[in-house]
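Visitor: I would like to learn about charged pairs in a protein. Could you show me one to look at?

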Amino acid sequence: MNYISLDCNKATQFFSPDEFDAALERADKARSVLLKGTGAGNDFIGWVNLPTSYDKEEFARIKEAAKRIRKDSEALVVIGIGGSYLGARAAIEFLRHSFYNEGDNARKIHGAPEIFFVGNQLSGTYMTDLIEALRGKDFSVNVISKSGTTTESSIAFRIFREILETKYGKEGAAKRIYATTDKKKGALKSLSDVQGYETFVVPDDVGGRYSVLTAVGLLPIAVSGVDIDELMSGAAEEMQRLKDTDGKDNEALTYAAMRNVFLDQGKSVELMANYEPGLHYVAEWWKQLFGESEGKDKKGLFPASVDLTTDLHSMGQYIQDGQRIMFETVLCVDEPGSQVEIPEDEEDLDGLNYLAGKTMDFVNKNAMYATVLAHTEGGVPNLIVHMKDTGEKSLGALFYFFEFACGVSGYMLGVNPFDQPGVESYKKNMFALLGKPGYEELGEELRKKL
Ligand code: PA5
């Protein structure tokens with residue numbers, strides 16, 4: 001069963017068969033480098049086999065911990081940023097109710113606690129509001145940080161540790177704190193060992209943005225009631241499909257080849273468009289995956305996203321008619337989760353009776369195809385990535401499809417798709433301005449520039 005498929009019909013008119021064939025040949029070579037583990041960053045390709053090679057004992061512990069949290073907590077606070085945040089949020093927002101945290105929805109619909117994300121920015125306002133929202137509720141914390149030293153998540157964890165310890169005492173708090181971090185090193189690992197928190201591992205050979213199918217993503221996702229066996233099984237099927245095929249039979253290679261053709265033609269932006277609000281964070285996850293993997297050595301497409309049809313009423317004008325710097329990748333869910341029919345109205349004062357009896361999805365899909373045609377005519381090549389449905393298997397497959405395509409595309413570009421040296425620059429400046437010991441001189445220098 002294919003959960004993912006790629007439709008390139010509205011892209012092929014923008015390049016010659018020779019351009020594509022040459023790119024596909026490069027994609028094939030990059031695929032071998034990835035699968036043989038001979039490329040740059042090859043100590044971070046543990047994600048390639050992860051859908052089947054994952055630690056089964058830890059997987060069982062994740063399910064046990066999720067069961068406990070579902071039983072003893074009205075809310076789960078998930079602390080993490082970047083790769084330690086986006087995958088879990090993407091999965092929960094896509095696979096769970098659109099209004100998951102509203103009213104009693106989480107409990108009534110999914111038998112699960114509310115889930116709040118924090119430590120993904122530094123806003124005191126957001127923190128105050130979250131603390132307020134949790135008042136009177138029994139809650140647990142899953143703190144996620146591979147390095148165990150990230151400022152945003154460390155500050156949030158210090159605050160929530162104190163709240164939990166005041167509420168439940170040190171021992172009670174320890175039973176409600178779950179830490180996902182490095183197997184051996186980092187401040188979070190040592191703190192967890194001293195305090196006796198249950199810990200889960202971010203494997204050494206899996207970088208943050210490729211870690212959604214490790215405990216990083218799986219624990220919060222399992223707490224929300226998602227079937228993580230199904231998620232892994234969808235990813236495993238996709239892994240097999242992409243390992244077993246090459247050339248144009250491999251849709252991840254085709255996607256990677258087309259991205260590089262457009263880049264070579266001078267496009268600088270890949271715009272991901274979705275037609276389901278539940279896909280908003282999938283696009284955020286995808287942006288990090290490709291942005292951090294390819295944006296280096298002054299190379300790479302800038303990954304951007306729009307939520308449609310919403311943004312057709314704000315960004316639509318630019319996409320149709322602004323600078324011709326982009327191509328578009330549409331994420332389409334073939335079978336939506338549920339259907340709503342448009343009612344007949346006797347008076348038809350709004351003139352909508354021509355749609356009576358049709359579903360919202362019928363209108364949505366036609367809006368999508370109308371937009372694809374309009375954008376293509378406006379000079380924006382369009383690719384459509386189809387997901388079979390809104391289930392776990394489709395999402396697991398989608399995660400793997402993009403990870404694989406990203407590894408291949410990064411190697412085609414000639415970069416190491418598994419490091420992120422650029423993110424250190426802001427941290428150094430931030431530590432200096434905050435007065436962190438060891439950064440005094442730089443701090444003085446920077447203050448003069450402000
Ligand atoms: O993909 C990455 O490596 C980054 O986005 C990290 O996940 C992010 O910086 C958070 O790092 P850590 O998990 O060490 O707190």
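Guide: Here it is. Keep in mind that this is a predicted model.

Visitor: How many salt bridges does a search of the whole structure find?

Guide: Side chains of opposite charge can pair when their charged atoms come close. Searching the whole structure for such salt bridges gives a total of 28.

Visitor: Asp419 forms a salt bridge with Lys296. How many residues apart in sequence are the parts that this pair ties together?

Guide: The closest N and O atoms of Asp419 and Lys296 are 2.8 Å apart. Asp419 lies in the loop between helix H15 and helix H16. Lys296 lies in the loop between helix H12 and strand E8. The pair therefore ties together parts whose separation in sequence, in residues, is 123.

Visitor: Is Lys296 buried or exposed?

Guide: Buried means under 20% relative accessible area. Lys296 has 9%, so this residue counts as buried.

Visitor: Glu335 and Lys388 also meet in a salt bridge. Which strand holds Lys388?

Guide: The N to O distance in this pair is 3.6 Å. Glu335 lies in strand E9, and the pair ties together parts 53 residues apart in sequence. Lys388 lies in residues 382-389, which form strand E10.

Visitor: Which residues do salt bridges with shared partners join into one network?

Guide: Shared partners link several salt bridges here. The network consists of Glu57, Glu58, Arg61, Arg68 and Glu198.

Methods. Residues are numbered from 1 along each chain as its sequence is written. This is a predicted model: local features need pLDDT of at least 70, side-chain atom pairs count only at pLDDT 80 or more; totals for chains, interfaces and linings use all residues. Side-chain values use heavy atoms; hydrogens and water are left out. A salt bridge is a side-chain nitrogen of Lys or Arg within 4 Å of a carboxyl oxygen of Asp or Glu. Helices (H or I, at least four residues) and strands (E, at least two) are DSSP runs, numbered from the N terminus. Buried means under 20% relative accessible area, exposed over 50%, partly exposed in between (1.4 Å probe, protein chains only).
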